[in-house]
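Hi,

Here's the structure I promised to pass on. Have a look first, and my notes follow below.

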There are 2 protein chains.
Amino acid sequence: MVADKETYSRHISHKFNEELSGLKDQLLTMGGLVEQQVADAVEALINADSGEAQRVRERDYEVDQLEVGIDEEAVRVIALRQPAASDLRLVMSVIKMVADLERIGDEAKKIAKLAIAIVEDDAVQPRSYVEVRHIANHVRGMVRDALDAFTRFDTEAAFSVMREDDAVDDEYKSAARALMTHMMEDPRNISGCMNQMWILRALERVGDHADNLAEHVIFMVKGTDVRHTPVEEVEQVLRKHDE
Amino acid sequence: MVADKETYSRHISHKFNEELSGLKDQLLTMGGLVEQQVADAVEALINADSGEAQRVRERDYEVDQLEVGIDEEAVRVIALRQPAASDLRLVMSVIKMVADLERIGDEAKKIAKLAIAIVEDDAVQPRSYVEVRHIANHVRGMVRDALDAFTRFDTEAAFSVMREDDAVDDEYKSAARALMTHMMEDPRNISGCMNQMWILRALERVGDHADNLAEHVIFMVKGTDVRHTPVEEVEQVLRKHDE
């Protein structure tokens, strides 16, 4: 009887670990997909490729399905396994991160929609989109780094992502100012510039969500909620010994 | 012994119910606060009252503290009480709704910041802000209705909120078009109009978050995730008998 019980609880704990790593894998799959969506949407803009932009919009369905599936699985794991301490924090972090990833997917979809509007607007001159390209690379790197930090339970890497967000905000402000000047120079530019302004804004939001992802990684590893916490205090949290 | 055990489990279940209703109360407190923040930010704009706008920005700290506190309490309840079925759905919904409320608070803070920029910009003519006022009332009503639906476990009321969101999107688009025209007429209007454009956008986002709140209420009551679900299918979910 005892042996049976032990076998049973070993079996349960094995299943549980499988479920936890399944959740992690699904989150990373979703993360890879939304990062690709951002990349493809920006490429579609730069190449004036409205077919590709349309495909990005359609693929958002896959992002949404992943969100619903992971959420369902996470709630099932909580109900069935009643995880405690660090396991519970892992599941809670996955639930929070999924919401941010879904929103990154939404921003990619918005960029794709705006790309189509720009491609179809004859008044818009071909442009190099230097700033868009630059900020897009920056925020995609942040998303990737936040997901890497999640995989490796690496709070230092997560903290680096949080610090990057201020740089993105500055880049966004400077690009937005340049667009405003361009609009003032010639009102015929207004409609095209507005669409680019919304694209910059969407990319800046992707940076915000990457910042959130990093905060959730720190919560998962350290058990401390560092949202709304000044950078110096976050540093103190990271210096704390693990619980 | 048996009597003791019964007393004990009655005590536990009494405590648990108290904790659940405590969570609900805190969520409603936070909801009331962010709705007031939106109202005050828009009033500050209309009355060109940068002092009030500044107070809105500072009060966002209270919103953030509520978010962190409710989240902490919700995770504690899950860890300690291991709720199942509808109780777990309630706690999960609270966690999701808190995130949307915090973002509504963020939008109010943005509006307050933009109101200050507008008040301090001498080039901006005094305006009546008809559209801003109208959309603000609309989305504040949605937030209130979603919270009422939450209190009363009322999925029909939640569904009404979801349907309102399309109307808000139309109002936003029409107001944004009017601002674009105003910018094209006179480039000197561009900077002031851009600030108003961001305010409209923030209000439209408040409507999106109210829509999310309503979706979480339906999940809480029906156990079905209706995000990313066409309206007709949501109706079918609501027609289903309760589980």
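Which residues does E204(A) touch, not counting those up to four places away in sequence? They are V168(A), D169(A) and Y172(A), where touching means heavy atoms within 4.5 Å.

Some housekeeping: this is a predicted model, where local features need pLDDT of at least 70, side-chain atom pairs count only at pLDDT 80 or more, and totals for chains, interfaces and linings use all residues. Residues are numbered from 1 along each chain as its sequence is written, chains are lettered from A in the order in which they are written, and side-chain values use heavy atoms, with hydrogens and water left out.

Back to E204(A): you'll find E204(A) in helix α6, residues 190-222 of chain A (helices are DSSP runs of H or I, at least four residues, numbered from the N terminus). E204(A) is buried (under 20% relative accessible area, 1.4 Å probe, protein chains only), yet has no salt bridge (a side-chain nitrogen of Lys or Arg within 4 Å of a carboxyl oxygen of Asp or Glu). The nearest side chain of opposite charge, R201(A), is 4.4 Å away.

Now the interface. In chain A, 33 residues are in contact with 33 residues of chain B. The two chains bury about 3,300 Å² between them, 64% of it on carbon and sulfur atoms (accessible area, 1.4 Å probe, lost on being put together, summed over both). On the chain A side, R103(A), W198(A) and H228(A) lose the most area to chain B. Eight salt bridges are counted between the chains; E67(A) and R227(B) meet in a salt bridge at 3.1 Å, N to O.

Cheers

Technical notes: Helix = DSSP H or I, 4+ residues; strand = E, 2+ residues; numbered from the N terminus. Buried < 20%, exposed > 50% of the residue type's maximum accessible area, 1.4 Å probe, protein only. Lys, Arg positive; Asp, Glu negative; His and termini not counted.
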